[in-house]
Amino acid sequence: MAATGLPPAQGLYDPKTEHDSCGFGFVADIKGRPSHDIVLKSLEVLKNLEHRGATGAEKNTGDGAGILLQTPHAFFAQECQKLGIKLPAPGRYGVGMVFLPDSEVGQNAINGLFEETVRAEGQHLLGWREVPTGDAALGPTAKASQPVIRQVFIGRGDDVADEAAFERKLYVIRRLLEKKVSRSAIPGRSSFYVASLSYKTIVYKGMFNANQLRRFYLDLNQPSVVSAIAMVHQRFSTNTFPSWARAHPYRYISHNGEINTLRGNINWMHARQAMMSSKLFGKDLLKILTVIDTSGSDSAMFDNVLELLHLAGRELPHAMMMMVPEPWSRDDNMSPERKAFYEFHSCLMEPWDGPASIAFTDGIRVGAVLDRNGLRPARYYVTRDDLVVMASEAGVLDIPPEQVVRKGRLQPGRIFLVDTSLQRIVDDDELKDRYAREAPYGEWLKKSMLQMSTLPRPSRPPLPERESLLKRQQVFGYTFEEVKLLITPMATTGNEAVGSMGTDTPLAVLSDRPRPLFDYFKQLFAQVTNPAVDAIREEIIMASDTTIGPEANLLEPGPESCRQLGLPTPILTNDELAKIRRLDGRPEFSGLRAVKLPTLYNPKGDGAALRSALEDLRWKVSECLAEGFNVIVLSDRGHDADNAPIPSLLAVSSVQHHLIREGKRTQCSLIVESGEPREVHHFALLIGYGASAVNPYLAFETVHDLVAQELVPGTPAEAEKKYLKGVVKGLVKVISKMGISTIQSYHGAQVFEAVGLSQDFVDEYFTWTSSRVGGIGIDVVAHEARMRHERGFPPKRPVVASSLPAGGEYQYRAGGEFHLTNPETIHKLQYACRTNSYKVFQEYTALIDDQSKQLCTLRGLMDFRHATHPVRIEEVEPVESIVKRFKTGAMSYGSISKEAHETLAIAMNRIGGKSNTGEGGEDPARYQNEQNGDSKNSGIKQVASGRFGVTSYYLVNARELQIKIAQGAKPGEGGQLPGAKVYPWIATVRHATPGVGLISPPPHHDIYSIEDIAELIHDLKNANRDARVSVKLVSELGVGTIAAGVAKAHADTVLISGYDGGTGASPLTSIKHAGIPWELGLAETHQVLVMNDLRSRIRVEVDGQLKSGRDVVIGALLGAEEFGFSTGPLIALGCIMMRACHLNTCPVGIATQDPKLRAKFPGDPQQVVNFMRFVAQEVREYMAELGFRTFDEMVGRSERIEMRRAVDHWKARNLDFSRILFKPTVPKHYGRTCSIAQDHALEKTLDSTTLLALARPALDERKPVRATLPIRNTNRVVGVQTGSEVTRRYGPAGLPDDTIRFHFKGSAGQSFGAFIPKGMTLVLEGDSNDYIGKGLSGGRIIVFPPEKAGFVPEENIIVGNVAFYGATGGEAFIRGVAGERFCVRNSGIDAVVEGVGDHACEYMTGGRVVVLGPAGRNFAAGMSGGVAYVLDGDGKFESRCNLSMVGLDRKVEEAELTLVKRMIERHAELTGSALASRLLSRWEDTARRFVRIMPHDYRRMLEAQAKMRAKGLPPEEAEMAAFLENARDEARVSGN
Amino acid sequence: MGKPTGFLDYAREPVHDRPPLERIRDWEEMHLGCAEQTLREQGGRCMDCGVPFCNTGKLFNGMASGCPVNNLIPEWNDLVWRGRWKEAWTRLASTNNFPEFTGRVCPAPCEGSCTVSINLPAVNIKMLEEAIADRAFAEGWVVPEPPPVRTGKRVAVVGSGPAGLAAAAQLNRAGHEVTVFERDDRIGGLLMYGIPNMKLDKKLVDRRVKLMADEGVRFVTGKEIGKDIPAMQLVREFEAVLLCGGATQARDLPVEGRSLAGIYAAMDFLHANTKSLLDSKLKNGNYLSAKDQHVVVIGGGDTGTDCVGTSMRHRCRSLTQLEILPKPPDERAPDNPWPQWPKTYKLDYGQDEAKAVWGKDPRVYGVMTKKFIGDKDRHVRELLYVDVEWVKGPDGRFGPREIPGTEKVIQADLVLLAMGFLGPEKPMLTQLGVKLDERGNVWTDQTKMTSVPGVFAAGDMSRGQSLVVWAIKEGRQAAQSMDRYLSYGETVLTP
């Protein structure tokens, strides 16, 4: 048997970064009647979810599948009888499903341990059963790692009181065994795994795809294997490594999604163990510790904790409510009891945050919960005969329509529960209210929980001294630039400042200047396997409140559990801190007692002094805890000439990890009072490494000083408030990038990667943080702190410094931080490209590449190992073929001008490379060639979250379709094009309204998980079978793992962007601090792809400040085949790095839409052609020296790079690149470059097999075609290929209305009718899954339930989530209720629907949506255009509508009502809607109840246009005049 | 940045000078102030570039591009736009010891590299610099700031031009005891006697010198090192010496008739004029008067212009200025792209005044003087020049070639040679035994130390003839190195 499980960390690979996701489902009999039929049905469900799983390079090795059942007693009794084991009655024995090593020695040893442990725990080992397995045609990898699988039967001991106690005992036995085996030397111990050990449930699982499960486990085919509950799961993991244990279900759950806050959850769980005690467990509690087995996946760890909470006495749904609470703090409609429940429990445990739908069961109750944002799908049917089927998709089981009494979906934060003991479905409200009333939580809170606002006002805190401000700013390394660019905007506007272009300054570890310790950490962010959250538009789910104070016993809560202080935000004003300082342990302060500890050290003592100061601090903290203090304030206020502040992050993290190690972390809260933190990144780090709250006193003083200088308006208090607001907003944005929605769960979550810190240092003070290139330790940290301190307190001669140093981090300054793009390099590059001078170009690259004197990038420290036998340059692949690998970066038409955008396209088409549309769409006129043969058609068409202008025609005109998951300058963030930049010509291409702002959401609303990207890739491939599909990721820890997942999702190319790439506009925090250099991400990607044998199936591309031939060669050696350039070509075209792209004032007409400035555009395609050819020529020269004749030979040859020897830089000399240059050992046949085309299985789609042939007459001769066909959920992307054929032949105009009309019956799979063009009508009689009508491009979609359906259509769900996402035109009529995010980013369709979930019409920019029934929360968030009409049945619609951008009108004008009426009439006619008929029959009453939702900006623009037309201007001029009038109104140009 | 669209909303305001016909009647400064609102708008034209070329002071094609002292131009432009003059002054003073001088006399390479100037007139950087400095003095923000602690180290600075003064100011700020030696009767070097009063009012120089004296710098005038005081004595008595003697050896024109009376080096003409002006308002007659003379100025640089301006104020009869180079183009040539120093045609103040009087620019381009023709008193009366064309020589360098048959003769009673400078005078250098470079300037290493330990050199003396602003930069650099030299490798100064 081959080694099982994940490989150990090697090179840049870290098994901790693995992700998985999946489809799940369960089938249950509400009345609790066990049957084999339930088992069969659940297996059928599993089969129909297969497409949500994945396979690796081997077709028949699945990522995992499994089933959880009630223990089938009759079956086991019979089987055991055959083995001579006599089973006692149900409930008196437990069954374990055990994976064992295949060595007999190992098995015997484990058997022995079982015997011994079971006996020691007072139970009886009844015997073992070999689990019969069949030949399921497992793939070689699955087979090689297949464990021996046996069932163990354990009889209940006599002194075990009841079944619950027995279940606990079984848990104790399992934990003991797990620990014993892992600590033993038993051969093959890594294969040992207990899938389940329970008296009531059993789990069958392994490395299968759906079909293999029942063929492997023969038990499942036995009619006597009966159950009333069966839960199934199909896994999609980001790797191809064999792991039987990682298949779901776990013992209590199946999980679809991801836990983003895992690191923090583990830390906190670990920390609170010391405080745990349980009457139920008694002494046994020690045996189960530690609770979390950290070798498991996030789902497994979740299961560990849930198991403990449940077995320690909480019912399973109660424990779920603790771990995955719904958003409560901002919900005004929630009952006080329930709010109190959540608030109370927030004192016990932070949320496990992340996208999740989790099915859970204890064998009696089965249910599912959805995360607070509803980011995973979960649909259910209830039938007449009391069957419940719930799964990630609808239609996974064929049920006759007349049998269905209810079709529903799980809603965000809600729980759906079937209780077979009560024999009914328990509704979310009933369930939660029951738990909320279980204890007097409200009273407990009132008694014990303090609120900041009610604490007594302190005497005024000490006033700052103005005179010493500059000195103190110097001590903390303030620069003029930080004050001007970071602090001033926040204090002025309450928003974080925005910048543009990327970053080109040295990494902190390469900088000659002392950099704050914060700069050595980079923020992690969500991509692909989980979505970033839109913290602005989806504010309802965010929470910035937190609590401070000690935690109590997790397992037995009581009133003392909430003896804490609630804070509205984690940033404290001086007043608030003073209040906290007064907490002295008296009862009225709930026992909270604060103490202040100085965080200072003697700078002259260097590293040793710093180290001992930290030791001292840790010791003092422990002392304070012993004395009963529970709020520790770490303060550097006392710094002076002899005492330097310890870097605040180091102080807090050092204490944090000390307390975790001591098991005392939950006994106190840490508060940081420091002059150091000033920008958002600083606060994020302090909180992420353990601070509960931060008081940035010097930042406040700086703000006050700015007010005194009149550089910030208002009073000091107002400015301080704005600054605070800006910080908190920025903080919430940082956490949302990681997909985290509450500060409480971000607290201590450590979602950062270190770049340039030594392993020792990290292990000691930032334990578990990844730092992969080594770097500086405490000595250099101390030296940097000393350098800062000496600026404020010069040791020898005090010099009158009258102002701060300039800085130069964000903007170039002579004598400031080094920039690669500086006056000299810009000048030389422009001169070279304008005059076609390769010589000058080489002068330019000499300045870029020679980083021997001035370090800037990791690659600057790399040298080539030249060949002993170089080849002659004539033998090297020519420039013409190398440039075909080159691309220009994704810059949208809108962020840059038409002139610049088209010039880039022409240039790249001339050389056979590819330009990129960016996310703003493209003018279709560009698809026709120019007279001189030039083409302005961008080779790469980007598909980003905003889906602007993503039409069928756009897609079919691409050579490559790029899914932009993240962007180097702002990974995890969306974007915003303010109205003043949406010029008429931009609006046309983006299908929007001139003058109305456009929002790109942070996530793609059709990619919340790895299997979702597989779907989108499949969708796009169907929309244009000739285009390659690429996925753009940003370099971060674990990007290689994600790339592997993307490869398994069948992407043709994966692009790894460096963190330093450019942007048109992005918060400065993101430009500098999110993501890591591409050298790391690219090398990791290549290594992980090779290890998984996936490299041969996918091309790898890299971009991010590529500037020279040397950069390209290093990229190739580290594993890239293709290369993207953005800043370089822009500079060649005349860009002078103004970094004012976000201001629309680009003086050279590139990053602007202003016609006056565009006229100044100096560029010519030839300049870009020259640039690309120069780079390629340099590449050739290096290739000759390295001895490579072809480019492909060079890819992945990292052994040809060495780290430059004898680096004597004081910081950089500690770096170690061995992990970047690592080459994994893999079998010889594993490919190292892309050589195999992905199998997109296009030929298996319904279009290929059936529809295209049916549509032939329409395609060839425009003849109408009609057909009626069955459909089921495994038929995905139906109609898309047919649609793309229509577009290919007939262009954007499509075919005459209704030329192709297909009528389907059944449940449609995902992406039904995506992108279909004019002339196509798809009728669906049944229901549909997610993404129906995605990108609808003029077609029509009609959905209604079958006539004989047993339910009321308008009360039941009929289409899934994210319907009509990014649709640009067409019509939709939906008879029934739609899921969340209906018509998200709709820019042009007219839709009628009978009810919608949360977030409907989000980011909508055009079109008309009529909702005839109830609408969920957060309606119209971010909606900037189009109109919605909602029938307000309960009169409470307003409370569910997000009013920040739209206005509600209860009086709708007659003309509009006529239009709405006509739509409803059509709806009635096309869907047979009874509801529509009823509404029409009493139209006057209906009309009165309509509410019109219209965005303010949109309305204003329409009115302005009408006014201009009334003045007699022709439409186009009226549009422009209205736009200009609007743009002049500066108040309208709003930020985020 | 206060005003993102400032450069689109406001035009560049021309520098406000007194009208030529008015100002040539006196020796007062020719600049007029500007209304505050105008100045603020001009500040608002700055684009606050991500890469402010104005701030860099790089040499492109041999010419300065951007500010050699790295003035934090975008920062103070923005502060001016916001009306925060005091903060602007703080930022300005942090890089430039004498903005009241450079704001008047600098040719402003910053404006040549201003990004606005890629396709619009540059931001009025120089005007704003002058305005900030003048405002700072007027408001009383500029006060002596003696160092809080004295190191007890003694430093001698030879020469009190911009390099010497800047170095002295910096060294004094670091706490060293600085003595400045000047061979002339007044402190200031080129600032005092090289630049005429209408361009830089000498009261401003005196004001700055007084400030420095109040901060503790000692000034010794009328003592020439190497003559009045042996150079080696300095080396013995001071812990470090800085040579800032300038590049005062003027280039001569050895053609026929050079020995005729009435032919002078420009500096002699300008020096005598300023001294007489300051001593007696020109009443003592100790200067060379151009009154009623036909004046020919040879050389088209700044010194030539100053000769023109001075001659105009003397009421010369006619004026011709000869320049060997061809007339520069009105727009940048293709081989002279932004951000290089723009070699374009400009009308400087002197020419402007001549044009106001006679209706045309007095400059004649592309000509070479062949001989001077004297009268019977061996006084020059005429000058013969010939047109030249610029051709590439065998060494690949362009050089002038006479065009036969283009000789012209013009009247010339007073000829002023303003053809640049060849390097430092040698006596002191010889005494010290410092090594010279191939151009005859004092050789220094990167720290500005000469071949003699403890002896440093800065400004034109080591760099060769250059701009005031380079001299300030060099003075600051030398001061930083000297501070390091004197303080065991540590320094509290910025370059």
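Helix α18 (residues 468-486) of chain B lies across β3, β6 and β18 of chain B, at about 165 degrees to β6(B). Helices (H or I, at least four residues) and strands (E, at least two) are DSSP runs numbered from the N terminus. Angles run from 0 to 180 degrees between N-to-C directions, and axes are lines fitted to C-alpha atoms, for helices over the stretch in contact.

This is a predicted model, in which local features need pLDDT of at least 70 and side-chain atom pairs count only at pLDDT 80 or more. Residues are numbered from 1 along each chain as its sequence is written.

| Helix | Strands it lies across | Angle |
|---|---|---|
| α9(B), residues 162-173 | β3, β4, β5 and β6 of chain B | about 165 degrees to β4(B) |
| α18(B), residues 468-486 | β3, β6 and β18 of chain B | about 165 degrees to β6(B) |

The open sheet in chain B has 5 strands in the order β5-β4-β3-β6-β18, with parallel pairing. Two strands pair if DSSP finds at least two bridges between them. Because β5 (218-221) and β18 (455-457) of chain B stand at the edges with a single partner strand each, one side of each lacks a neighbour in the sheet. The twist averages 20 degrees from one strand to the next. Strands β3 (residues 154-158) and β6 (residues 240-243) of chain B run parallel and are joined by 4 bridges. V155(B) has A240(B) as its bridge partner in β6(B).

In chain A, helices α15 (residues 480-493) and α20 (residues 697-708) pack at an angle of about 80 degrees, with axes 10 Å apart. Contact (heavy atoms within 4.5 Å) involves V483(A), I487(A), T488(A) and A491(A) of α15(A) with T702(A), V703(A) and L706(A) of α20(A).

Notes. Chains lettered and ligands numbered in written order. Heavy atoms only, no water.
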